Each structure stands twice: as structure tokens, then as C-alpha cells.
Amino acid sequence: MSETASQHPYSVLHDRYRIDSFVGKGGMASVYRAHDQLLGRDVAVKLFEPAPANTEELARQHHELAVLASLNHPSLVTLHDAGIDRTDPASPRRFLVMELVKGKNLKEALAEGPLVRRQVAQLAYDLAEGLEYAHHHGVVHRDVKPANILLAEYTEHGVRTRAKLADFGIAQSRNGLPASEGSATGTAAYLSPEQARGEALGPASDVYSLGLVLLECLSGVPSFSGPKLQAAMARLIDDPEVPDDLPVDWRILLTGMTSRSISDRPALGEIILFFRRAFLADSGRHSAPDAGMLPSDEATRLAAVRRYDVLDTPPDGAFDRITALAARLFDVPVAIVSIVDFDRIWFKSHHGLEVSEIGRDAGLCASAILGGEPWVVDDATFDPRAMANPLVAGEFGLRYYAGVPLTTRDGHNLGTLCVLDFEPRETTTADLQTLGDLAAMVMSELELRLELRRVSGAASIKA
């Protein structure tokens, strides 16, 4: 056991969690890095100080456990286990076992300087989604600040960093502790005006605190600093400064989020949509082509789409057999024959889905047709081309995509034959050959129908 682990009186907690190192202490609890010897994984253990029965502190410990147990979202730290350590019968200690987030917290990251706008957009999107989920379940966090935001690194190269909100110790829940009216609870530099006044809080309070965090990410310094009382009271008189060099739409949103008037603050759904679009727009300049950007030959490609006359046709059994076969061969839940129109993607056959069309910007098929090669995303969570796509980041939960363009004889890509999964997969050369053969079957069917229409039309003219 390391030297820092000696701050904990046990080497193994509950005969299961081996304490490896001390992480930090805050309030009435200490956090340790530990190893779950039963499941063979590293975890974080939050061990509370002993609390006498029937005390407010014991109630808060139980409340934090209840809140964490009720929430499950990728932007919130996950609770794995909980219990009571009775090694000292006279002083039992509650503990929580949570996922170990590998990476810095936002406070540590900001010590190295402000973030670029693209990073802020991704972080804001993650946190807004997590807060919207928590609010939907009746939980107001009340302590949104950089130290409580963990930056989870999923790869060595930092391709995808997800922001996770931690520490629900003072969260307000409709099923838990009542709001503490008359006293300000939270961290002075990030309190909302109503929080500073000791009033009852709602979701808009978290929106304000998130706005302050985002401003700090952009500038590198807190909007309200100094002694605690001065920092807390400052927002009752002044609005935080929003940088002039931000785009107008960013300034409008952040000004609204940090307004002293609750009614002026935008809903989290609006915030999520804004930052998703902002990240996608900026990602298009840094990595993959933006699906909404049209190639230079788009007009002739769209003319080819209309030549094959497949946009306004009913479901087709021939295509359905191909997608069903693709789903069986690849053992995936979804297979699609898509046709990419100017602003829509039409699913001419959609095995495993009830949806028959989606917007072009949301569909990965629009990216797949930009080149003449198969377009494969083995794990969308880590792939910069797809990780912010709403089908990936939203409720749909797409993780795997493989699509082969449906290419006409004169070289135009009409759409794709693609397979989708909600789990990551590895794609082999043989897989791509199989998918290419199935795409060729789709095109053969389309070419045959085009030829039949041409012959039929010629016969009608002769008659």
C-alpha cells in the first residue's frame, strides 16, 4: 500500500476493495483510489467520517447515496456500490464506491490555461445533457464548479474527453432533503443570485452556475473571485463579463445563462442544441467533412438520384431482403438502404428501425457518400468524425457504423447500404467485401429498373 493510502486505517475495505492511494478530502469525506478484487476493476471509494445517529450529517450521507442510486447517465459519475464499514462498531462509516474517472478535473485543467472554443462546446454539451437528465429526475445539483467536473480520457491520445459531473453531496432532490432556505449552500464563486440570497432553488440555478463555469473555461479566470462573502454578493449587483471576442450567438447564450433574472435563462434543451451545433461546426474545420457541406458535384449527383426515381416510392420487398440478409450476416440489429437527398436521408429499406427518413445533417450516410470507399466507424464514442453526431451522443446510442456507397455506372453516389450496432465492433476486410457485394446487389436492382423504364418508354413512343 502506498504512503498516502496509510491515511486510511484499512488496507482492504469490506473484504473487497483494496485501498491503493489517497486522492483527496473534502467536507466530511475522503476519496481513495481502490481496486475491486471481486470484479477486477479500479474504482473510487468515498469514505465518510463517522456520524452520530439521527444527525443532519448522517441524513446528508444517506441523501447523497439515494441521489446517486437514482441517476444513470454518461455525463454523471456512476455509483457502483455502497455500504457501511463497521470495523469500529462504535463509529460505523458509510462509503460509496463509484466509477474511477481517469483524467483531470476541470479545475486542474484550467490551471494550465483557458480552453479553446471547440473544447468548451463539447464540455458544455456533456454537462448540459447530464444536468437536464438530473433535473428530469427531480435533482438540482447546487454545486456546479470546475472541481466537481471530471474530464474522462477514454484514449491515450485524448481523441474523446467526456465531462462528468461529480459530488452530489448537497444536491436538492424532490425525494430527499428539503431546500435549506435562508442560507447559501454551495461554492461562493459559482453561486446563482437566488442561491446567494438563500432562496429555494430550481434547475435555472444550475444553468447559471454552468454559465459561470463556461465563462471561466473561455477566459481562464473566475467571473467572481475574492473573499467568499464578497464573491457571493457580487452577482446580486453585477452580471459577469462575457468576452467581446466571442461570436455573437455565443455571447447571447452565455449572457442569458448568467442573467440575474431566472426568466431570462435558457432551458437546458436549448443549451444542448446550441453547443451540439457549435461543436459540429467547429469539428468540420478540424477533422472530418461536415455532413451538411455539399460536394462541388452535388447538383449532378442529385440529378442522378432523381433519374433512378426512388425517392417517392413505397417500401420494396427486394431491398428488404437485402437488408435482412445484411443484418444476419453481420449479426447487427439494424441494416439500411439509404438514399441521400438535398436535405433528407430516405431509408428505402430499414431492417430493425421504424423510421423511414431523417435530416441530412444527422445521418452518417451523408458523410459516407463523400468518397467512393467504405466509411467505417468501429466505435463512434472515440471517433472524431462521429462522436458528436446526435445519433451517437443522443438517446439513440449508435456505436458502430459501416456503409458502402451505392455508386452508379457513371460514378455518382446515391446513398449507402449500411449496418449499425449499439456496441463497438471490429471490421475486417472480408466484412467490407461482403458489404460491397450486397451494395452491388442493390445497385443491380436499381440499374435493372432504370433499364426497364427506358425500354418501356421507348416502346411507348414507338407505339
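Which charged end sits over the ring of Trp-250? Select Arg-117: its charged end lies 5.8 Å from the centre of that ring (a charge sits over a ring if NZ of Lys or CZ of Arg is within 6 Å of the ring centre and within 35 degrees of the ring normal).

Before going on, note that this is a predicted model, in which local features need pLDDT of at least 70, side-chain atom pairs count only at pLDDT 80 or more, and totals for chains, interfaces and linings use all residues. Residues are numbered from 1 along each chain as its sequence is written, and side-chain values use heavy atoms, with hydrogens and water left out.

Rings of Phe, Tyr and Trp (its six-membered ring) pair if their centres lie within 6.5 Å; planes under 30 degrees apart count as stacked, over 60 as edge-to-face and the rest as tilted.

The structure holds 7 aromatic pairs. For one of them, select Tyr-17 and Phe-95: the ring centres are 6.4 Å apart and the planes are at 65°, so the pair is edge-to-face. Tyr-17 is in strand β2 (residues 17-26) and Phe-95 in strand β6 (residues 93-99), 78 residues apart. Strands (E, at least two residues) are DSSP runs, numbered from the N terminus. Both Tyr-17 and Phe-95 are buried (under 20% relative accessible area, 1.4 Å probe, protein chains only).

Next, select Trp-375 and Tyr-401, another edge-to-face pair, with 6.0 Å centre to centre and 70° between the planes. Trp-375 and Tyr-401 are both buried.

Last, select Arg-449, whose charged end sits over the ring of Phe-319, 5.0 Å from its centre.

Definitions and conventions:
Helix = DSSP H or I, 4+ residues; strand = E, 2+ residues; numbered from the N terminus. Buried < 20%, exposed > 50% of the residue type's maximum accessible area, 1.4 Å probe, protein only.
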